[in-house]
Amino acid sequence: MAQQVISGLAAGSSYALLALGLVVTMKTTSVPNFAMGAMGLLPVYVIRSLWSQLHLPYGLAILAGIVVAFGMGWVVERLTIRHLIGLSHFTTVLMTIGIWFALNSIVGLLWGYEPQPLPGLVSGSFDLGQVVVTNAQLMTLAVGLAIAGWLIVFFRTTWGVRMRAVAEDPLVPRLLGVRVATISGLSWAIASGIAAIAVLLSAQASVLNPQSGDDLIISGFVAATAGGFSSIGGAVIGGLALGVLENLAGAYLSGAAASTVALLGIMVILLVRPTGLLGPGTGREV
Amino acid sequence: MPPAGVRLVVEDLVVGFGGNTVLQGVSFSVAQGFTGLIGPNGAGKTTLLNAISGYVPPTRGRVLLGDRSLASLRPHRIARRGLGRTFQTPRLVPELTVWENVMLGLDGHIRWGRKRSRVVSLARVEELLRQLGLNDWRDRPAASLPFSSRKVVEVARALAADPLVVLLDEPAAGLGPAEVEHLIGPLKRQVEERGLAVLIVEHDIELVTRLCSRIVVLDFGQLIADGAPAQVLRLPHVVNAYLGAGVAAVG
Amino acid sequence: MSPAVRYGAIGFGVLALGAGFFFAPAYLNAYLMYLLTWIAIYAIAGTGLTVLMGWTGQIALAHAGLFGVGAYATAYLAGHGWPWPLAALTSSTASAGLGALVGLPAARLRGFYLAIATLAFGELLHQAFVQLTPLTRGPQGMAVAPIQLDGIDTPSLVWYLAMVMLAAVMVTLTALGRSRIGRCLKAVRDIESATGSLGISAMRYKLLAFAISAFLAGLAGAVFGQLITFLTPDLFDLPLLVIFLVQLFVGGVNRLSGALIGAIFVIAVRELLQSHVVSSLVPALVGSGQTLAFGLTLILVVRYLPGGLTSLPGRLRSRRPRPATLSQVE
């Protein structure tokens, strides 16, 4: 059982990371980004190509890929989302679904649908009593927690506070002399970078294919929903818990059960506590 | 059992949001005819209407419509018991025509609640459109109407189901003097012909004085006066709280 | 034109159109008939989305799955000796029940939370098609027994079925849209907060809209099974969802005619990309090209033409300055 918990935590940190990307775009531009998985997917393919075709060192390829992710996030925001600010979620949901499928098929067009392996970043493992922990799992977890920690700190810095202010009232940053467009572009760039890391870590653990982003998006939504789309801690805890639950269900029930945990989880959360387990409560609107 | 003619009784109503108490034990009653509800901005007038119509749950106290308690009923149940209301800014369906918007006032009531035949309902809508001067507009989408006409449509909609009590939230705001006359004429008729009880929130004191046999004054969530306009508007604390010297002269 | 003449003309048009559709199998080539049937099936499913997303304003992303429920359940029941109409009706009703179930949170959820919940529900249904092998044969696929009627070949029968259903659905929904129910649905969309004060239970109407649209998705799925004759889970996954969304938004989310125009659009785009010219020029476009085209279409429509194609005439008209009708009230 402890073994399942360890692998669950590792898988869960990818979910948590994708959820953090969702929380960032939600907090700053109030857009529920259904394209988050696909936005993380494309840079990872770039990373793979840089490494396998241009023979860049893998670490450098990853850095370059994250820069690509930043740029792509910025461009996507600039081309589509910026024109929809202030419109309903109905519109932005559909827009991001369009982006999701466009990006996914671009990946399919350029790189094909064959699963592709990624090189290991770290190797080796150690025993913790009865449990075997691989260094890769440890690294995944560490990266997830580090980014979450960084985000918590970041949202308290000047730029972070400005980002949050944009979501609450677009007038405030204008009064502070900050361009809303800069802030929302920046937030999409950051979210996109985080999503790329999420997809990368999850593909490291298995293989990379055009579905890698789709597999994460629902899990990411579950985790983000657990935190009410606003709490970073909630998203992390939600992601880790989901990973553990999936692994336990896979081990003790069936493989099919594992893949439905996230789907059932989100329905249950939304039925029981529509604003998220750790999110704020709401009153009835008049 | 409330005294004869009384339609709506508010008993010791307390409403709070978080740590804020917006209504602090408000009690009054609304009888057939016009009752005015006045008070400075932020006194809790709209909250009071929301609490009566079930949009905001009270922390204490209750509301009786006729002689039945409305406690813990959802807004649509309360509406079906015979409570109509309007909102400060009219809420119409933009793409539907004026006629359809007024029909919406009946739609929730047909087949449920009080029995009425479809023919009677349609006749009722026709009557309201005619009395409120909306006939020329009936097939226009609500989106094409000016603000003032939208307010009139909303009043017609609130009256369509022939309610026992109707709550009007600043019906005259944004209307020109002639439009106000076009609105209150039919309202008076409804009161006379159907025994309607109207609770009207209004800033136009002159209108309230002219229309209402009784007014209640709300200030900081408390009822500070309740009585005939002529007397209430002379009370020093009412004048201090709200009216100011200029309007007191009218009273 | 006097009303008598106008109704006469409309009646004549309907008759001519009906006759055309009736005799179509005799002179249409088989492939074109197949495509037109496909359009009719998508149009039926699309009208359901018009009711739910257009009229009631609820985002719903579970309809590819519900379409699959109609297809699989009908094929399963008909395969077990049920008469096809009864099997289709039962399956559509089951789909309506599932739709109401996923709509249950809609009474409390707003906007994107509902989108997430329904997306997850659609994926759950897709998982069920994959996993419930005793019922669906899983990824291996399931053959659909063709419906039989003496004297008519199956493609013609499916044609008549799809066309009659589409006509019936259009007429019924047009009437529904103008009725009390249509008004209440639109009130839930535009003035949900005021519906309570009108004695309208927003929750009841949301559930009704979910059930109606899920029923239509199921019904369309039932006919789709007859058209495609072999069901695999992947037919009812995310790509179909995107097709439905493109269809809805290209056509115009608010109008029933938009569902039909949108269906024509998606089938035309698909055929164009599969056509010999395109596939010989850019072979890679055949698979991913479709999804790319639909993804980009969705982006462009949401960005530049939120009302869809059916809003174009109105938009063009409103460019001209309108006479000042509003001054009459003063």
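Predicted model: local features only at pLDDT ≥ 70, side-chain atom pairs only at ≥ 80, totals over all residues.
1. Start in chain C. Val169(C) touches Ile44(C), Thr47(C) and Leu216(C), once neighbours within four places in sequence are left aside. Val169(C) sits in helix α7 of chain C, residues 154–178. Thr47(C) lies 122 residues from Val169(C) along the chain, yet the two C-alpha atoms are separated by 8.0 Å.

2. Is Val169(C) buried or exposed? Count the C-beta atoms around Val169(C): there are 23 others within 10 Å. The cut-off for a buried residue is 20 or more. Val169(C) is therefore buried.

3. Now the contact between chains A and C. Here 34 residues of chain A meet 33 residues of chain C. On the chain A side, three helices each supply at least two residues: α4 (89–111), α9 (212–226) and α11 (255–272). Helix α4(A) has the largest share, with 16 residues. By class, this side of chain A holds 21 nonpolar, 12 polar and 1 charged residues.

4. Helix α9(A) also packs within its own chain. Its partner is α10(A), residues 232–252. The two axes come within 7 Å and cross at roughly 130°.

5. Which residues make the contact between α9(A) and α10(A)? From α9(A) come Ser219(A), Val222(A), Ala223(A), Ala224(A) and Ala226(A). From α10(A) come Gly234(A), Ala235(A), Ile237(A), Gly238(A), Gly239(A) and Leu242(A). By class, the contact has 7 nonpolar residues, 4 polar and no charged.

6. Chain B next. Chain B has 9 helices and 10 strands. The radius of gyration is 18 Å, close to the 18 Å that the globule rule gives for 251 residues, so chain B is as compact as a globular protein of that length. Along the principal axes, the C-alpha atoms of chain B fill a box of roughly 50 × 40 × 35 Å.

7. Two figures describe the inside of chain B. Buried residues account for 49% of its 251 residues. Take the contacts in chain B between residues at least 6 apart in sequence: 69% of these join residues at least 24 apart.

8. Chain B also meets chain C. In this contact, 30 residues of chain B face 19 residues of chain C. The elements of chain B that give two or more residues are α2 (75–80), α3 (98–107) and α5 (147–160). Helix α3(B) gives the most, with 5 residues. The chain B side divides into 13 nonpolar, 10 polar and 7 charged residues.

9. Leu104(B) lies in helix α3 of chain B. Not counting residues up to four places away in sequence, Leu104(B) touches Val93(B) and Arg157(B) in chain B, and Arg183(C), Ala187(C) and Leu198(C) in chain C. Val93(B) is 11 residues from Leu104(B) along the chain, and their C-alpha atoms are separated by 9.3 Å.

10. How many C-beta neighbours does Leu104(B) have inside 10 Å? The count is 26, so Leu104(B) is classed as buried.

Note on methods
Residues numbered from 1 in each chain as written. Chains lettered and ligands numbered in written order. Contact = placed C-beta atoms within 7 Å. Helix = DSSP H or I, 4+ residues; strand = E, 2+ residues; numbered from the N terminus. Nonpolar A, V, L, I, M, F, W, Y, C, P; charged D, E, K, R; others polar. Rg over C-alpha atoms; globule rule 2.2 N^0.38 Å. Buried ≥ 20, exposed ≤ 12 C-beta atoms within 10 Å, placed from the backbone. Axes fitted to C-alpha atoms, helices over the stretch in contact; angles between N-to-C directions.
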